[in-house]
Amino acid sequence: MSGLTDSLEQALTAENLSLRDWRELIQRLLDYGVLCRDDSQVEAELYDRFERIEALVDEYLSLMGVRLQHDQRFQFVRLIPPGARVPGIEDEADEPFNGGFRTRLTQAEIALVLILRAEYDKSVREGIIDEQGCATLSVEAVALASKNLLQRSLPENMVERRQLFRRLRQLRLIHYAHEADLEQTDSWIKVRPLIVNLVSNEWLDNLKQAIETEVAPEPEDSPPEGASLFSQNT
């Protein structure tokens with residue numbers, strides 16, 4: 001057994017955890033890039049495990065240049081890849097040569113993220129967010145906002161629509177119970193506060209200015225800051 005593994009195992013034993021527990025947590029973080037305690041029982045258990053050994057996880061990931069964003073109020077953890085820019089977190093001095101294990105959002109995903117960020121900000125101003133910091137929106141409201149703000153419609157094809165929303169759910173930006181609900185305009189989704197960290201206030205201001213001048217920004221040409229995230233499994 002290597003010295004590093006030996007030291008790791010000793011630190012885990014002090015918290016009554018095993019290497020298997022460690023691997024399960026690290027693999028989940030690297031696979032999904034984010035943990036939300038309220039997403040599922042599995043993520044609740046992993047989040048609680050993370051809190052017990054946060055310093056150890058942070059030290060381990062820092063060896064790869066990966067940073068952690070831990071929001072204790074809304075109980076989520078997000079990994080920040082090397083070179084990624086995130087509002088409210090100091091940028092690194094060097095940018096990586098390529099994306100590595102990051103992937104950029106598609107044009108349709110960027111457009112939907114911008115819309116959800118704007119609608120989330122509206123809900124915050126109106127004081128209609130829940131205890132977890134989530135804003136509840138109807139699919140109809142999202143579709144209407146997309147047309148009004150970006151002159152874009154949600155995909156009519158249900159397969160494409162489900163894929164689009166599923167991607168944002170994988171990133172833990174939104175939550176909904178059943179994909180079949182996306183076909184109903186009166187169905188509801190929850191927008192999580194993580195959306196704030198993906199789209200900066202500067203981008204939101206640009207969108208507002210574009211609305212005032214009736215010229216919507218081109219999302220395909222201008223991805224929001226922090227749009228480069230860990231690749232996700234479908």
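Helix α5 is mostly covered: 14 of its 20 residues are buried, meaning under 20% relative accessible area with a 1.4 Å probe and protein chains only, where over 50% is exposed and in between is partly exposed. This is a predicted model, in which local features need pLDDT of at least 70, side-chain atom pairs count only at pLDDT 80 or more, and totals for chains, interfaces and linings use all residues. Residues are numbered from 1 along each chain as its sequence is written, and side-chain values use heavy atoms, with hydrogens and water left out.

**Helix α5 and its partner**

From first C-alpha to last, the 20 residues of α5 reach 29 Å, close to the 28 Å expected at 1.5 Å a residue. That expected span is 1.5 Å times one less than the number of residues. Helices here are DSSP runs (H or I, at least four residues) and strands are E runs of at least two, numbered from the N terminus. Just after α5, Gly 127 has a positive phi of about 70°.

How do α5 and α6 pack? Their axes are 10 Å apart, at an angle of about 105°. That makes α5 roughly perpendicular to α6, a label for angles of 65 to 115 degrees. The axes are lines fitted to C-alpha atoms over the stretch in contact, and angles run from 0 to 180 degrees between N-to-C directions.

The residues that meet, with contact meaning heavy atoms within 4.5 Å, are these:

| Helix | Range | Residues in the contact |
|---|---|---|
| α5 | residues 107-126 | Ala 111, Leu 112, Leu 114, Ile 115, Leu 116, Ala 118, Glu 119 |
| α6 | residues 139-150 | Val 142, Ala 145, Ser 146, Leu 149, Leu 150 |

By class, this contact has ten nonpolar, one polar and one charged residues.

**The cores**

A nonpolar core is a set of buried Ala, Val, Leu, Ile, Met, Phe, Trp, Tyr and Cys residues joined through side-chain atoms within 4.5 Å. The largest has 36 residues, and Leu 116 and Val 142 are among those that touch the most other members. Helix α5 gives the most to this core, with nine residues. Leaving aside neighbours within four places in sequence, Val 142 contacts Leu 112, Ile 115, Leu 116, Leu 137, Leu 154, Phe 165 and Ile 189. A second, separate core of 19 residues includes Ile 26, Tyr 47, Val 57 and Leu 79.

**A buried arginine**

Arg 28 lies in helix α2 (residues 19-32). Arg 28 counts as buried because its relative accessibility is 19%. Beyond four places in sequence, Arg 28 touches partners including Glu 43 and Arg 172.

Conventions
Parallel < 35°, antiparallel > 145°, perpendicular 65-115°, else oblique. Nonpolar A, V, L, I, M, F, W, Y, C, P; charged D, E, K, R; others polar.
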